[in-house]
Amino acid sequence: MAPGDKLGVIEEFLPGQGTYVDGGDIRASRAGFLLLDLSERKVTVFRPTEPRGASCVPRPGSVVIGEVSETHQTYSLVRIWMVGRKHLTSFFTGLLHISNVGLRVRSMFNVCRPGDILRARVISVKNRVRHLSLAGRRLGVIYAFCTNCGGLLKAREDKKLICETCGSLELRKLASDYGMVVL
Ligand SMILES: [Zn+2]
């Protein structure tokens, strides 16, 4: 329902919350869902439970997609730009610590590197930073780029990544659908 939409006439219904009467018509005064109470013959417009866009904020439990902006020995920083299938209008910062990769690795450089695109789960929010996890088959890098030449890396059967341009071999923590995700 949008404001001004005709919901009924006052001969049929009582105007409830979120409505107004215009002539003999009952109209919506706000956007929301229409509720017809047939026992009381009352018409009401309910506001959606979340304000528009609120579902696009990455929260604990959200699966997000982002680009790795920095990699250090024990953590990486991620610019989050998708929540589920929704593109965000601004970035959120994600922090992936080596203890949340879901594998035992010695260095974050074997997990993800700057420029890589990855899928992660938000596990907590502290000081507006989203702490991320890659534990799980579907979580991990979905596109990775060669450290030498920037070429797209292809996954081999042994799970190593090869650059078809320069032949370099690299390691990442791969998502099960590496290289096949439509963004
Ligand atoms: Zn290369």
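Leaving aside neighbours within four places in sequence, which residues is Leu35 in contact with? Here are some notes to read alongside the model, starting there.

1. **Leu35.** Contact here means heavy atoms within 4.5 Å. Leaving aside its neighbours within four places in sequence, Leu35 is in contact with Lys42, Val43, Thr44 and Phe46. Leu35 belongs to strand S5 (residues 33-37); helices (H or I, at least four residues) and strands (E, at least two) are DSSP runs, numbered from the N terminus. Its relative accessible area is 42%, so Leu35 counts as partly exposed. The scale for this is: buried under 20% relative accessible area, exposed over 50%, partly exposed in between (1.4 Å probe, protein chains only). From Leu35 to Ile10, 25 residues apart along the chain, the C-alpha separation is 15 Å.

2. **What you are looking at.** This is a predicted model, in which local features need pLDDT of at least 70 and side-chain atom pairs count only at pLDDT 80 or more, while totals for chains, interfaces and linings use all residues. Residues are numbered from 1 along each chain as its sequence is written, and side-chain values use heavy atoms, with hydrogens and water left out.

3. **Confidence.** pLDDT is the predictor's confidence in each residue, from 0 to 100. The chain has a mean pLDDT of 89, with 95% of its residues at 70 or more. Please take care with residues 49-54, where the pLDDT is below 50; beyond near neighbours in sequence, this stretch has 3 contacts in the model. Where pLDDT is low, the predicted coordinates should not be read in detail.

4. **The zinc site.** Four cysteines coordinate the zinc ion through their SG atoms, at 2.3 Å: Cys146, Cys149, Cys163 and Cys166. Donors are N, O and S atoms within 2.8 Å of the metal (3.2 Å for Na, K and Ca); water is not among the atoms, so sites may look incomplete. In sequence, the donor residues follow the spacing C-x2-C-x13-C-x2-C. Cys149, in the loop between strand S12 (140-143) and strand S13 (153-155), and Cys163, in strand S14 (residues 161-163), are 14 residues apart and link distant parts of the chain.

5. Why is the arrangement tetrahedral? The 4 donor atoms subtend angles of 99 to 125 degrees around the zinc ion, which makes it so. Four donors count as tetrahedral if all angles lie between 85 and 135 degrees; four count as square planar and six as octahedral if opposite donors are over 155 degrees apart and all others between 65 and 115; anything else is irregular. Cys149 is partly exposed, at 40% relative accessible area, whereas Cys163 is buried, at 1%.

6. **Ala144 and Gly150.** The loop between S12 and S13 also holds Ala144 and Gly150. Ala144 has a relative accessible area of 0% and is therefore buried. Beyond neighbours within four places in sequence, the contacts of Ala144 include Asp116, Leu161, Arg172 and Tyr178. Gly150 is partly exposed, with 43% relative accessibility. Between the C-alpha atoms of Gly150 and Cys166, 16 residues apart along the chain, there are 9.6 Å.

7. **Aromatic rings.** How many aromatic pairs does a search of the whole structure find? There is 1. The partners, Tyr143 and Tyr178, are tilted, 6.5 Å centre to centre with 50 degrees between the planes. Rings of Phe, Tyr and Trp (its six-membered ring) pair if their centres lie within 6.5 Å; planes under 30 degrees apart count as stacked, over 60 as edge-to-face and the rest as tilted. Both tyrosines, Tyr143 and Tyr178, are buried.

8. **Charges over rings.** Arg41 lies over the face of Phe13, 5.7 Å from the ring centre, and the charged end of Arg79 sits over the ring of Phe91, at 5.8 Å from its centre. The criterion is NZ of Lys or CZ of Arg within 6 Å of the ring centre and within 35 degrees of the ring normal.

9. **Backbone at Asn127 and Arg128.** Neither residue is a glycine, yet Asn127 has a positive phi of about 50 degrees and Arg128 one of about 70 degrees. Asn127 is in the loop between strand S10 (117-126) and strand S11 (129-133). Asn127 is exposed at 77% relative accessibility, and Arg128 is exposed at 74%.
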